Amino acid sequence: MRGLALAALVLATVPLYADYTPFYLGLLTEVLVFGLFALAYDVLLGHAGVLSLGHSAFVGVAAYTTGLLLARYRAPLELSVLAGAVGGLVTALVLGALVLRKRGVYLAMLTLALSQVFYYVVLMWTPVTGGTDGLGNLPVLALSEPLGWRLSKRPVTRYYVVAAVVFLAMLAIRYLLRSPFGRVMRAVKANETRAAACGYDTRRVKLVAFAISGLFSGLAGALLTVVLEFVPIENIHWQMSGAVLIMTLFGGTGTLLGPFVGAGVFIWMRDFLSKYLEYWEVFVGASFVLIVLFLPEGIVGTLARLVTRRRAAPVSAEEDRLPEPERLVRADPRSGDADGRLLESRGLTKRFGGLTAVDRVDFVVRRGELRSVIGPNGAGKTTFFNLLTGVLPPSAGRILWKGADITGQPAHKISRLGIARSYQITNIFGDLTVFENVRIAAQSRVTHYRFWGNPDRLTAVNERAEEILRELGLSARRDVRGAELSHGEQRYLEIGVALATDPDFLLLDEPTAGMSPDETRRTAALVRRLAGLVTIVVVEHDMEVVMGISDRITVLNYGEVLAEGTPAEIRENADVRRVYLRD
Amino acid sequence: MNGCILVLVALGLSIVFGLMGIINFAHGIFYMLGAYAGWLTVHLTGSFWLALLAAPIAVGLVGVLVERGVLKRIYGTRNANFAGVLVTYGLAIMIPDLVRMTFGRPGKPFAVPEALTGSLFRLGAIDVHRYRVFILLVTAVLLPLLWLLLNKTNLGLVIRAGTSDNLMVQLLGINVARTWTITYALGAALAAFAGVITAPLVAVAPEMGGLVLIECFIVTVVGGMGSFVGAVVGGLLIGETLALTGMLYDVLADVVIYLAMALVLLVRPRGLFGQEGMSEE
Amino acid sequence: MLRVEGVDAYYGLSHVLQGVSLTIGAGEAVALLGRNGAGKTTTLKTIMAVVRARRGRITWNDVDITSLPPYRIVQLGIGYVPEERRVFPNLTVYENLRMARLTVDGGRRMDEYLERVFALFPPLQQRLDNKGRTLSGGEQQMLTMARSLGTDPKLLLIDEPTEGLMPAFVDTISRTIGEIQRQGVAVLLVEQNTRLALESTQRVYLIEKGVIKHEARSGELARDAETRHRYLGV
């Protein structure tokens, strides 16, 4: 809060003490506008984790919209700027809807190519846009009544108006980023598959991020038209997309100040360095390469990281007290159909080309059961799990949940039904704190798209997260980044994240993988205590664990069910022995 | 833009992507450098034919420098693919300015060599220029040679194996790092050759690289990343579409191919001839 | 002579190998047995440097290979037959085999090599021009073994060669191991088929949860049902 007040103060008083000429003030105004653009860009890059090379379309469409409304229709200034922002929003929605079918670098190249379509439209439509000459003929710009302040040829007034709008926009973005939705975006960036497994529709989340980014990029584009009183065609050229990327990386992603610093550095290079260094772009390009290679967090980002000294969390003494399962689990005790059947597969099959990984598996788990699934290598256990949790679509067969057919549902919908899973290879939100890992999972049961309010005020969600951490013995480590935990702690956090979604059904994939004998014992005890309160299916290789905790065991071999029964029955089963020992 | 040229440039991009998984923004730069190297050779020796030889070799060496000096540092890091795009983008900003420093801002004139000027024959209303036929012939010769390189040599074998399973190649005792350097340099040399051979037809300017890169990317998307046939078919398709629609309305041509690319990405993400599984990151 | 001493390996933070030690003498055939997830494949991958050894040392003929890259280790004479076979799907059988010879002699003496391959695996002769992806599971297994033998190793690490294949294939593998041993190549075999493993090797290590728990002569373990059940059974 204090930082913001300081920033507002600095902005408000700059014209007084800075040795300015209209030129410098105009430049500062431009820096503010580009800073806003970079901040809007960073919403998508630094917070949602999507690299776009097509933002020139958002800024460009907005700039031309505002310019056209002003030049041709003599529309009021405020309306024109607003229309520009909306233009950016709409363009972003259209582009986003098209490109979000893909990910990563491919998505980036798609945005680049599609944004070029807009460039060419502008280039061709000369009568309207002026083509390469740009759009000029703007009237004298002034605020509407009752203020009526003139902006054209009034650098000071223009500076204040633009600074005010940028500041307000920055506050709005800050507000959005700090809302519960902001947390969702960052979870998607930290680990998209896990976020989906918690119930978030990640594609839609990213589309909303696109929209926010487009709206404020559009606002920046509209303001740029106001500042330049002209719309050069360069505003919609792909170099603009490159420029904003450079600015954002120079300044540092994930910060509020970074984009403005980056914009300042870039514009300094463009306008001042270029005076001394005729070939200043070599400098820009070289700096960019060096930053990507050696300083990926940018200037501000790196400073921020260095300045925030992380308090070394005390290594907690091994807690011998076993967690109280009643506190960890909130499953519905009456779930299941009339027969008590909770999750069922009928003839479930998965083929990969010529290989049948899962072969007509019939599988029924009843409420309150603890079922282990075992089998030799290549038996299809993980594929089976992936089918049950909607990660892979089946080739044939059905999956039933509480009697209803859920075959082919995507991961996030399965999660919302009450099915949760933990992973064999730890799949937590590495960049989020321990607390946030569990909190964001818990939040998925309450709200996905809340753009207002403070997530720390969602009391029910926070209490739930605290409760889970306490029972798992991770409270002392709540502020540590997930990636920095010990292996055993991460495996517990794995389970914690799954439990935080209040599942009726829990699938645990090799929970004791890579654990010491001691940790294995404690984990097995935990799982045993959870059983009876939530229905559990476990894949495990540790036979002692399996025999010790299971109510029933299913043995898979070559994708088929070989046997099923109690631990004693399985031990005696001749087929199972043969398959395991191949004596 | 002539379809044949696009094929050559796209092949370079596609091979690099197929093996190394990097979308090389600097590819357009190599094209531009090829044109300049060609101009310089002609300027110094007066021989167009020497230029055709010297340009790819010189730019190939530049490719080696880039791969060893810059790209090597990002292999195996987190987000290596992104870093690859960003870093090569940075180079794509730097190098044109270096070229301006050395050769000046305005473009360089590059005349069609004496032997190849003028029209070969008339086909109805269309004038078939000798130089364009020359380009066609050169491409027709070069393509089979490239195909032979990829399919009949040990180097080509390693590249093709590496495209599907890099680790296994190493587990057979082969030092992949060297292959990557050679492949990258080969891609650069191909782009450079395309650049020098196009030089008489287009403006030799530092900005040449930008446009061809995007068109090249579109070709590889439509044809399929990492596919030889895809680059050829895609290059010809896109190149001829550009030429034909360009005759109708200059700028419309570009829009058409962008839309074609968007369509392919939505309907058949791996492209006409691409291998499955390459369309994600 | 391979010496693995006190090696620790991790998948991320998962401590999958804990102080693993074993030795393989020249020309010896040794089996590494254990249940799923015990660390058998990880041990092989760590020797090949596909997984990095965090602690401990691996020496091969007194040369420290712990920090060498995989391609160097292969060049020094250790071959690897991976569990997933990893046949190059887009290359023909011939091309797959040729890949193995590139560092040995650049593919100059392919005919000689092919003769040896066909002697061991006759069915490959008919499939020489077929692409890798069209081969059956058994053919792919033959191909990957022939290929790894092509690097002229002195020690061959074989990971689960019979997995997912018909019982008849077991004999082929048994014969093959015998044959390569006759040619003086040492073998480290990871197998779930206990009978095959104990019949084709002289010594055996039993591994459980990343720790070597037991070492014996293969003949001994074949007669020791109790130990077998303890570490391998259900």
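## Confidence of the model

pLDDT is the predictor's confidence in each residue, on a scale from 0 to 100. The structure described here is a predicted model. For chain A the average pLDDT is 87, and 92% of the residues score at least 70. One stretch of chain A, residues 309-321, has a pLDDT below 50. Leaving aside near neighbours in sequence, this stretch has 9 contacts in the model. Where pLDDT is low, the predicted coordinates should not be read in detail.

## Overall build of chain A

Chain A holds 583 residues, of which 54% are buried. Its secondary structure consists of 24 helices and 10 strands. Taken along the principal axes, the C-alpha atoms of chain A fill a box of roughly 90 × 50 × 45 Å.

Contacts in chain A can also be sorted by separation in sequence. Among those between residues at least 6 apart, 74% join residues at least 24 apart.

## Helices α3 and α10 of chain A

Helix α3 of chain A spans residues 55-71, and helix α10 of chain A spans residues 202-228. The two pack with their axes 7 Å apart and at an angle of about 45°. The crossing of α3(A) past α10(A) is right-handed. On the α3(A) side, the contact is made by His55(A), Phe58(A), Val59(A), Gly60(A), Ala62(A), Ala63(A), Thr66(A) and Gly67(A). On the α10(A) side, the residues are Gly214(A), Ser217(A), Gly218(A), Ala220(A), Gly221(A), Ala222(A), Leu224(A) and Thr225(A). By class, this contact of α3(A) with α10(A) has 7 nonpolar and 9 polar residues, with no charged residues.

Helix α10 of chain A also contains Val226(A). This residue has 25 other C-beta atoms within 10 Å; the threshold for burial is 20 or more, so Val226(A) is buried. Not counting residues up to four places away in sequence, Val226(A) touches Val81(A), Leu141(A), Leu151(A) and Val162(A). Gly340(A) lies 114 residues from Val226(A) along the chain, and the C-alpha atoms of the two are separated by 67 Å.

## Helices α2 and α11 of chain A

From α2(A), the contact uses Phe34(A), Phe37(A), Ala38(A), Tyr41(A), Asp42(A) and Leu45(A). From α11(A) come Val244(A), Met247(A), Thr248(A) and Gly251(A). The residues of the contact of α2(A) with α11(A) divide into 7 nonpolar, 2 polar and 1 charged.

## Chain A against chain B

The contact between these chains takes 29 residues from chain A and 35 residues from chain B. On the chain A side, the elements that give two or more residues are α5 (104-124) and α13 (280-294). Helix α5(A) gives the most, with 13 residues. By class, the side of chain A that touches chain B has 21 nonpolar, 4 polar and 4 charged residues.

## Chain A against chain C

Here the contact takes 22 residues from chain A and 21 residues from chain C. Three helices of chain A, α20 (487-499), α23 (567-572) and α24 (574-581), each supply at least two residues of the side that touches chain C. The largest share, 4 residues, comes from α24(A). The side of chain A that touches chain C divides into 8 nonpolar, 8 polar and 6 charged residues.

## Chain B against chain C: one helix pair

Helix α6 of chain B (residues 154-164) crosses helix α3 of chain C (residues 93-105) at roughly 110°, and the axes come within 10 Å. Because the range of 65 to 115 degrees counts as roughly perpendicular, α6(B) and α3(C) are roughly perpendicular to each other. The crossing of α6(B) past α3(C) is left-handed.

In α6(B), the residues in contact are Asn154(B), Leu157(B), Val158(B) and Ala161(B). They meet Glu95(C), Arg98(C), Met99(C) and Leu102(C) in α3(C). By class, the contact of α6(B) with α3(C) has 5 nonpolar, 1 polar and 2 charged residues.

Methods
Residues numbered from 1 in each chain as written. Chains lettered and ligands numbered in written order. Predicted model: local features only at pLDDT ≥ 70, side-chain atom pairs only at ≥ 80, totals over all residues. Axes fitted to C-alpha atoms, helices over the stretch in contact; angles between N-to-C directions. Left-handed = near helix turned anticlockwise from the far one by under 90°. Contact = placed C-beta atoms within 7 Å. Nonpolar A, V, L, I, M, F, W, Y, C, P; charged D, E, K, R; others polar. Buried ≥ 20, exposed ≤ 12 C-beta atoms within 10 Å, placed from the backbone. Parallel < 35°, antiparallel > 145°, perpendicular 65-115°, else oblique.
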